[in-house]
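Hi,

Here's the structure I promised to pass on.

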Amino acid sequence: MSKLPSAPIYTSEVYLMACKQFDRAADAINLPESIRDRVKHPRRAVVVSLPIKRDDGSVQVFEGYRVQHNFATGPGKGGIRFHPDVTLGEVAALAMWMSWKTALAGLPYGGAKGGVIVDPSRLSAGELERLSRRYMQELIPFVGPHVDVPAPDLGTNETMMGWMADTWSNHLGRFDPAIITGKPLALGGSQGRREATGAGVAYLVSRYLEDLGVPLGEATVAIQGFGNVGGEAARALARRGARIIAISDHTGGYHNARGIDVDKALACVAANRTLADFDGGDAIDNERLLALDCTVLIPAALERVITPENAPRLRCRILAEAANGPTTFAADRWLEENRPDLEIIPDVLCNAGGVIVSYFEWIQNLENYYWTRDEVLEKLFRQLEQAREAVERQRARFKFSRRLAAQTLGIQRVAEAKQARGLFP
Ligand code: NAD
């Protein structure tokens, strides 16, 4: 392994985890040394200061990032995270995973990610609007429909994407929705984008349950994180007949062996932004939720929640990684060696539905021609199925774990594109 560059980004725990995964995958496919560092490290990392006026008249400066990992086959693509624990290294890791994900899904994009250090629940709607607009304003020299196209992630939503699209359009002097995806329908958002990531998770879970011979009606599901992805995955899996037995968010968790009323839980979050007042189950903490006896466990919140300490306690048959990077490198190795019966759907495949429908939204914006929800979902499931089949073929061919199969496919495609383009000048 070559020496790491010295900027502080490269010492972050999450970034090191993404690097370890990369090194393992690069070794597995004998990626030439001459190209490894070029494929591994981000092309560009931007740090911005974001002063906004608070409602009380004071001025507060927030710190934001955009990391553009690679542009080899198209514009950067990746969400924007608003969370108090965001670091440049975390954003860089997420940008790297976006590169493998877009390549695995066969999308004409590179990989990128953004973040702002902020607890969005502590800002008023007006303050959030000013922060969202200021973030886009500062990134104008670095983004664009053919340069880098952001989207929502943890702590951001379609309203904020709408404000950012408006900020960009005001700068241009004309409406240009293709700058960002995950927008409201009224601003060129796509049918099906809001539920895309969760619906994609539910689709893949159903396919792997089929392989195990477990009917959906007999499957039980526990979900950590009940925001866009976790909530929509719950909705879609419940519709497909599965029983959701536990859900949680940052305020706490709920367990109900007879089945959580998902519509009621979604209504609770729509009304109060959290599950804090939910009364449809018994209280359960996150560690106990992860260790529940269930068919499917879906981490859909933050990274690095499945660790070597709690991995031996997992009792699920399928681990569907809706969140990015939920399983640490060491926990992953432990599971690979000790739980051959556990089917892991790795993040770069499991949550790819979001970026696939973001791609559809971008195409619709560029063409000014809009599709129906059924068209979007049908194309989504077809594209996810192609990615799934490619992963299964790679897995069978090289006897890889599913994660290694998915990551090597993504890495190989990026490396081939970089090699074909050559080194400039
Ligand atoms: P969100 O902000 O809509 O929801 C996040 C949820 O996680 C909330 O319910 C929050 O309360 C919960 N949470 C936060 N900290 C928690 C903790 N310590 N314990 C339990 N729950 C906690 O975010 P989202 O868009 O649903 O993103 C969730 C994950 O999915 C992230 O890892 C994100 O990167 C990934 N992802 C999102 C998309 C997308 O389209 N939004 C696409 C691909 C991957």
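Which domains does the shell around the ligand draw at least three residues from? Both domain 1 (44-174) and domain 2 (196-345) give at least three residues each. Before you go further, keep in mind that this is a predicted model.

Now for the ligand itself. It's surrounded by 22 residues, and the closest are Asp153, Gly155, Thr197, His250 and Asn324. If you sort the shell by residue type, you get eight nonpolar, ten polar and four charged. Helices come into it too: helix 6 (193-212) and helix 7 (228-239) each supply at least two residues of that shell.

A polar side-chain atom of His250 sits 2.6 Å from a ligand oxygen, and for a polar side-chain atom of Asn324 the distance to a ligand oxygen is 2.8 Å.

One more spot to look at is the second largest pocket, with a volume of about 290 Å³. Its lining includes Arg38, His41, Pro42 and Arg43, and also Lys418, Arg421 and Phe424. By type, the lining residues split into five nonpolar, three polar and four charged.

Definitions and conventions
Residues are numbered from 1 along each chain as its sequence is written. This is a predicted model: local features need pLDDT of at least 70, side-chain atom pairs count only at pLDDT 80 or more; totals for chains, interfaces and linings use all residues. Side-chain values use heavy atoms; hydrogens and water are left out. On a 1 Å grid over the protein atoms alone, a cavity is a set of points where a 1.4 Å probe fits but cannot get out, and a pocket is an open set with protein on both sides within 12 Å along at least five of seven lines; lining residues have an atom within 4 Å of a point. Grid points are joined across faces, edges and corners, and a volume is the space filled by probe spheres set on the points. Ala, Val, Leu, Ile, Met, Phe, Trp, Tyr, Cys and Pro count as nonpolar, Asp, Glu, Lys and Arg as charged, and the others, Gly among them, as polar. A residue is near a molecule or strand if one of its heavy atoms lies within 4 Å of it. A polar contact is a pair of N or O atoms within 3.5 Å; within protein, one must be able to donate a hydrogen and the other to accept it, and residues adjacent in sequence count only if both atoms are side-chain atoms. Helices (H or I, at least four residues) and strands (E, at least two) are DSSP runs, numbered from the N terminus. Domain bounds come from an automatic or database domain assignment.
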